Every structure is written in C-alpha cells, then in structure tokens.
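This report covers one protein chain, section by section. Please keep the sequence and the structure at hand while reading.

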Amino acid sequence: LWKERWWQISLLVIGLTVLTVCFARQKTLSRNPKLVHRFRWGFLFFTLFFIGFYAQGQLSVVNIYTLFLAIWDGFSLNVFLLDPIIFILWVYTFITLFIWGRGLFCGWLCPFGALQEMAAWLGEKLKFRQIKVPEQWHRRLILLKHPILLALVGTAFYSLTVAEKMAEVEPFKTSITLFFVRSWPFVLYAVGLLVIGMFIHKFYCRYLCPLGAALAIPGRMRMFQWLKRWPECGSPCHRCANECPVQAIHPEGNINVNECIYCMHCQVLYHDDTRCPHMMTVKARREKLARSSGPKMPDLGGRKAAKPATGAIAGGAASASSNTVFVESASGIAEGARTGLAACVTGVLFLGSMFFSPLIGVIPMEVGAAALVVVGSMMVAQIREIDFTHFSVALPAFLTIVTMPLTYSIANGIGVGFIT
C-alpha cells in the first residue's frame with residue numbers, strides 16, 4: 001500500500017514540511033498580511049481537495065477510540081499502517097500538539113475545517129449577517145464537545161457498533177469520504193452545519209467537534225508560547241478580541257490556545273503599524289525621533305557601500321580585524337561625517353599611533369580589564385531585547401552568547417549564530 005501510494009505520500013510530506021517551516025517562521029511571515037492570506041487559502045485548498053477528497057486523509061475521533069481499544073485488547077502497529085496518509089497525519093499531528101497545540105491541525109489540516117472556512121467566506125460574500133455569540137454563552141458552549149467525546153469513548157468500550165453510529169455526530173464521513181452521496185438525513189445534517197457556519201464562523205469546530213476536544217487535551221502540554229501579545233492587549237485595546245473569527249481571545253486579552261485555530265490574524269495585527277494601537281504608537285515615536293535626530297543618513301548603496309567593503313577586505317588581508325573598519329566608519333558617521341574625510345583622518349591617526357605601540361605595550365593587559373567588564377555588562381544588557389519565547393530566535397542567540405567566551409572569538413560566536 002505504501003509503495004502504491006508513493007506519490008501521494010511524497011506530496012503530503014512536502015506539504016507538511018512547507019507548513020512546518022512557515023509556522024516556525026511565523027514571526028517573519030505575519031509581517032506580510034498579503035502573503036499570510038494567500039498562503040493560508042492556498043493551503044486550505046490543498047487540505048480540502050488533496051488531503052480530504054483525493055487522499056481521504058480526514059482524521060476522526062473514531063481513530064482515537066480505535067487506538068484505545070487496540071491498546072486494551074493488544075496493540076498491533078500493522079492495523080494503523082494500512083492507511084499511510086492517515087498514519088502520517090496522525091504522527092505529525094501528535095508531534096505538533098506539543099509544539100503549537102491543536103490549532104495547527106484544526107485550522108490548517110482538517111478537510112472539513114477547510115470546508116467550513118470556505119462556507120464562512122461565502123456567507124460574508126453573500127452579505128449574510130455574521131453572528132457573534134455573546135461571550136458568556138460562548139464560554140459555556142465550547143464545553144459541549146467534551147461530554148460528546150467522553151460519551152463516544154465510553155460507548156466504544158461497551159459496544160463498538162453503537163459507538164460507530166454515535167460517531168455520525170462528525171459530518172466527516174458524509175461530506176469528505178462519501179462526497180455528500182448518502183441518505184438525506186446525513187446530507188441534511190452536514191449541509192446544515194455548513195449553512196450555520198455561514199452565519200457563525202466554524203460553528204461545528206467550536207462547539208460540537210469531539211476530535212477537537214480530544215486534541216486539546218495533549219495540546220495543553222505544548223512547550224512554546226508562539227502567539228504574541230502587547231501589554232495593551234485587553235486593556236485598553238480589544239481589536240484582536242473583536243476581530244478573532246472564533247472568539248479565542250478573551251476580552252482581558254489572553255488567547256485561549258485550546259480554542260485557537262491558528263489563522264494568524266491576531267499575529268498580523270500584532271505587527272501592523274496601521275491598525276495595532278501599540279504599533280501605531282511605536283511608529284509615531286520613531287517618526288518623531290527621526291525628525292529630531294538631525295540630518296538623514298545617506299544612501300549607502302552601490303559605490304558608497306563599496307568603500308567600507310574594500311576597507312574590510314584590505315584589513316583582513318593585513319591580518320587586522322575587518323570589524324574595526326566598520327566600527328571606525330560607524331563612529332565617524334554617528335558624529336556627522338559624510339564625505340569620507342573622517343575615515344582618512346582616522347587612518348592617519350592610526351598610522352601615527354604605531355610609533356607609540358612600544359610604550360603602550362608596557363602597560364599590562366590587566367589595566368584594561370575594568371573597562372572590558374563595563375563594556376561586557378553593557379553588551380549583556382541587550383539580552384532583555386531578545387525574544388526567547390521563539391525557538392528560532394532563542395537557539396541562535398543562546399549559541400552566540402555561549403560560543404564567544406568559550407572560543408575567545410566574537411567572530412566564532414556570530415558565525416555559529418548565523419549557521420543555526
């Protein structure tokens with residue numbers, strides 16, 4: 001079976017790899033709203049038509065209680081390897097639950113979830129009134145799916161036949177597996193959920209889905225906090241909470257990750273300096289600072305950038321630190337130098353200082369230790385600006401900091417940071 005479906009497996013693995021990379025780099029991705037929008041809708045079409053309709057990769061709560069029964073009666077991996085697409089999706093989903101929570105599957109890899117997104121989009125285009133469930137009712141309704149899950153799993157240990165009938169609470173079989181070609185009560189139920197979803201965004205996912213309830217349990221043990229918030233979120237700003245399509249953001253500003261579908265809308269707002277009040281304030285401060293900080297920095301592109309670059313190459317060839325060239329150039333520019341004369345004067349002074357090197361060499365290195373300690377403390381102070389909650393930022397920063405003192409080389413530390 002795996003050999004026969006090799007190209008489906010390959011395409012699925014490529015898709016999951018792309019999704020993983022994008023989620024790992026979501027901080028960069030969310031700075032481009034158009035790219036997020038296009039990527040999300042492109043992947044939702046991939047999920048619905050390839051993973052769902054073609055490869056039949058719709059995960060179900062049936063898979064969960066089948067696993068429990070297999071463990072109860074004597075586990076055999078061969079049963080689960082019969083469908084490679086389902087097996088790969090489950091392994092990937094289980095692993096990512098501990099990294100991002102259930103939102104990655106529910107918001108990106110569930111075919112019926114993708115179908116609901118399209119139904120919601122159609123409802124907005126048809127100008128249907130979008131209903132926002134009152135917060136007090138929403139918090140109660142999201143609990144409904146948990147007793148549904150418990151009833152299904154409990155019934156499975158009593159009678160698998162009855163559990164399979166009860167599992168029809170999931171419209172997946174009707175809509176994704178059988179393409180709506182089924183008895184009219186099942187079709188009416190599935191279509192009815194989609195119609196409700198045109199008025200209440202992802203109604204089934206939010207309030208009735210037992211699979212989502214099951215995935216939320218291990219999702220509580222996720223290792224990283226990826227979704228960012230500003231101190232103003234919730235007090236006084238409620239923009240993200242008001243615009244969250246599934247109401248996963250509390251009025252206080254906290255994100256309920258167990259209900260979040262990871263659409264990244266709030267993260268796009270987080271970086272948007274035209275809609276986020278915090279970023280608008282930051283932008284205004286930067287513009288005010290730029291207006292009051294003297295002459296504007298000149299363009300360093302083209303031939304102008306070639307001058308310090310040539311100096312760096314020449315310095316390296318002469319066994320001198322290439323960083324020194326940029327440090328001295330930056331110091332001159334900071335003081336207002338623009339024509340290059342400051343660099344020439346600095347170079348002449350350096351040549352003159354060569355005659356004093358024997359005198360300077362008499363001074364022991366320990367004398368400069370105090371100054372180095374002060375410089376080091378100033379450098380370490382910048383650590384507070386590093387976002388250690390993002391693994392892709394934390395690992396390079398940590399390795400850079402550790403490598404510099406262990407190898408006695410700033411260049412080695414920076415190199416390790418770039419590589420990682």
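## Model and overall make-up

Helices are DSSP runs of H or I with at least four residues, and they are numbered from the N terminus. The structure discussed here is a predicted model.

The chain contains 25 helices and zero strands. Of its 420 residues, 37% count as buried. Among the contacts in the chain with a separation of 6 or more, 72% are between residues 24 or more positions apart.

## Backbone exceptions

Most residues other than glycine have a negative phi, and most peptide bonds are trans. Proline 236 belongs to the loop between helix 15 and helix 16 (239-243). The peptide bond that leads from serine 235 to proline 236 is cis, and its omega is near 10 degrees.

Lysine 202 is not a glycine, yet its phi is positive, near 50 degrees. Lysine 202 sits in the loop between helix 13 (184-197) and helix 14, and it counts as buried because its relative accessibility is 1%, where the limit is under 20%. Glutamine 247 also has a positive phi, of about 55 degrees, without being a glycine. The loop between helix 16 and helix 17 (265-271) holds glutamine 247, which is buried with a relative accessible area of 5%.

How many of the ten residues of helix 15 are buried? Nine are, so helix 15 is largely enclosed by the rest of the structure. The buried residues are Pro210, Leu211, Gly212, Ala213, Ala214, Leu215, Ala216, Pro218 and Gly219. The elements that cover them include helix 4 (61-73), helix 6 (84-97), helix 7, helix 10, helix 12 (172-177) and helix 14 (203-207).

Helix 10 is one of these covering elements. The axes of helix 10 and helix 15 (residues 210-219) come within 8 Å and cross at roughly 95 degrees. This angle makes helix 10 roughly perpendicular to helix 15. On the side of helix 10, the residues that meet helix 15 are Lys145, His146, Ile148, Leu149 and Leu152; their counterparts in helix 15 are Pro210, Ala213, Ala214 and Ile217.

Lysine 145 is part of helix 10 (residues 145-158). It has 0% relative accessibility and therefore counts as buried. Its side chain makes a polar contact of 3.1 Å with the side chain of glutamate 259. Apart from residues up to four places away in sequence, lysine 145 touches Arg102, Cys205, Arg206, Tyr207, Leu208, Cys209, Pro210, Ala213 and Glu259.

Serine 175 is located in helix 12. With 0% relative accessibility, serine 175 counts as buried. The side chain of serine 175 reaches the backbone oxygen of proline 171 at 2.8 Å. Neighbours within four places in sequence aside, serine 175 is in contact with Phe53, Phe112, Leu115 and Phe180.

## Aromatic rings

A pair of aromatic rings is described by the distance of the centres and the angle of the planes. The structure holds 24 aromatic pairs. One of them is formed by phenylalanine 39 and tryptophan 108; it is tilted, at 5.6 Å centre to centre and 40 degrees between the planes. This pair links distant parts of the chain, since phenylalanine 39 is in helix 3 (residues 33-54) and tryptophan 108 is in helix 7 (residues 103-109), 69 residues apart. Phenylalanine 39 counts as buried at 18% relative accessibility, and tryptophan 108 counts as buried at 0%.

Phenylalanine 45 and phenylalanine 49 form a stacked pair, with 5.8 Å centre to centre and 10 degrees between the planes. Phenylalanine 45 is partly exposed, with a relative accessible area of 43%, and phenylalanine 49 is partly exposed at 43% relative accessibility. One aromatic cluster is formed by Trp7, Phe23, Phe39, Phe43, Phe46, Phe50, Tyr54, Trp100, Trp108, Phe224, Trp226 and Tyr262.

## Charges over rings

The charged end of arginine 140 is placed over the ring of tryptophan 137, 5.7 Å from the ring centre. The charged end of arginine 182 sits over the ring of phenylalanine 186, at 3.9 Å from its centre.

Methods: Residues numbered from 1 in each chain as written. Predicted model: local features only at pLDDT ≥ 70, side-chain atom pairs only at ≥ 80, totals over all residues. Heavy atoms only, no water. Helix = DSSP H or I, 4+ residues; strand = E, 2+ residues; numbered from the N terminus. Buried < 20%, exposed > 50% of the residue type's maximum accessible area, 1.4 Å probe, protein only. Polar contact = N/O pair within 3.5 Å; in protein donor to acceptor, adjacent residues only side chain to side chain. Contact = heavy atoms within 4.5 Å. Phe/Tyr/Trp six-rings, centres within 6.5 Å; stacked < 30°, edge-to-face > 60°. Lys NZ or Arg CZ within 6 Å of the ring centre and 35° of its normal. Axes fitted to C-alpha atoms, helices over the stretch in contact; angles between N-to-C directions. Parallel < 35°, antiparallel > 145°, perpendicular 65-115°, else oblique.
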